[in-house]
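Please open the model in your viewer and keep the selection panel at hand.

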Amino acid sequence: MLYETKGPFRTMVDVESGTVDRGIYADEGIYQLELERIFARAWNFMCHESQIKKPGDFFLSFIGEESVIATRDKKGELQVLLNSCRHRGNAVCRAEEGNARSFLCTYHGWTYGLDGQLIGVPGYKDFYHEQLDKSQWGLVKAGKVASYKGFVFATMDPEAPDLEEYLGEVGRMGMDLLAEKGDLELVGGVQKNLIGCNWKLAVDNLFDWYHPQISHASAFMSGFRPQLEKLSQEDQELAKIAGIGGGGARQLQRAVLGAYGHAIGGPRLTKIERDARAKLGDKIEILNNDRFRELPQAQQVLGEVGIDTAGHPNIFPNLWMTGFQLSLRLPRGPSQCEIWWFTFVPKEASEERKKVIVHGANHVFGAAGLLEQDDGENWDQSTRAMRGVVASRYPLNFQMGLGQTPVSVNEGVAYIDTNINEHPQLWTYRAWAEWMDAESWAQLKQNHSAAPKVGDLI
Ligand code: FES
Ligand SMILES: [Fe+2]
């Protein structure tokens, strides 16, 4: 271990000067504490309800590094069970998804019901002399399980606030930016790949609109972005008004900041731009992703701030929504991260449009994604350098936009409208330190930063 665990963690994330100690990405002790104080405590995304429609349907997910079974029991209730036999700890479910009547441990044969109850023990009479109290040896269950608009979450900690309260205004807005795109169904299969990076760098990057013009320059040159030159002169003008093209990230940005570390960062889409995009419609396929913003229902649900927000939400700690996709950044040690991609399509969409969405998703993110390959290289190199003895003496810089633009609040949502900035990243690290310093949910509830107030300079 290169770093001694330093505490309090607030000293490693200096929100006044905008610096972050590199130790938080490298130290094994800090990593173990993250599993305990962040992942074992937070609401973690499990799966979409459409993946576990019928009793017995299951999907294997993770809470930190721990395998959990998300399933639906005989009564139709959602269950999340730790995938570890109570006898010697063996996994009781090996398939990534499927349908089962019960979970049979392949080691000695203890069998668990869909609700986690221990229902079968070989040798119960002869070897255990009927003395084993089966009611006490069921699979460990999540503290709470809940679904938000079809997206299933679980927390291992029964002291956690309820899901809606945990998400708050900003977490709900983040989920709504996907959920309001229609009645969604999951495209079969979840893409999974391993990148040699600390999970927090992968989260940090989802808010990062500073890097595309450099990191993804070759991807943009390959022509995978909308080909504006194919449009008529008039439509090219419209595209300009719509804020499309020009290369690099758009300057008009919005950071939305919520309690417990939820944040949204990226472009702001004004009414003028939205109207121009609506006029272009099918001429640029990717614009269809934003069409839902014209629906009265979406406008009502997202509110005045949300309807203009086109950036990337992160539900703390590690769930990102983009386009029609969800991504998890699962921790696998301080220097490894497993990236999962769930891709959705609107049920009512034509087969052709569904294909276009899936094609787009595969080309951008995931193991074969043009952008994720660029990003993964950078995160890998950053993570290697975090382990350096000398490098570790020098903190990282998160000063972009620091203290420049006062916070606005509208309909209870705090946000900063500004240029490209690092507000959402620093907000996430601030929350990270608060989670790490809190010894219990009771402490975290008391000591976490609420959303910033109007006029705050952060
Ligand atoms: S480890 Fe599962 S039955 Fe022994
Ligand atoms: Fe990127």
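Leaving aside its neighbours within four places in sequence, which residues is Pro395 in contact with? Select Pro395 together with Thr19 and Val20, since these are the residues that Pro395 touches once neighbours within four places in sequence are left aside, where contact means heavy atoms within 4.5 Å. This is a predicted model, in which local features need pLDDT of at least 70 and side-chain atom pairs count only at pLDDT 80 or more, whereas totals for chains, interfaces and linings use all residues. Residues are numbered from 1 along each chain as its sequence is written, chains are lettered from A and ligands numbered from 1 in the order in which they are written, and side-chain values use heavy atoms, with hydrogens and water left out.

A distance drawn from the C-alpha atom of Pro395 to that of Gly258, 137 residues away along the chain, comes to 25 Å.

Now zoom out to the whole protein, which contains 12 helices and 23 strands. Its C-alpha atoms fill a box of roughly 85 × 55 × 40 Å along the principal axes, and 56% of its 458 residues count as buried, that is, under 20% relative accessible area with a 1.4 Å probe and protein chains only, with exposed meaning over 50% and partly exposed in between.

Next, colour by domain, using bounds that come from an automatic or database domain assignment: domain 1 covers 44-148, and domain 2 covers 169-183 + 195-342 + 371-447. The centres of domain 1 and domain 2, taken over C-alpha atoms, are 35 Å apart, and to see where they meet, look for the 11 residues of domain 1 that are in contact with 12 residues of domain 2.

For the last stop, select His87, which is found in the loop between strand S6 (78-82) and strand S7 (97-99). Is His87 buried, partly exposed or exposed? His87 counts as partly exposed because its relative accessibility is 22%. The C-alpha atom of Cys105, 18 residues from His87 along the chain, lies 9.3 Å from that of His87.

Technical notes:
Helices (H or I, at least four residues) and strands (E, at least two) are DSSP runs, numbered from the N terminus.
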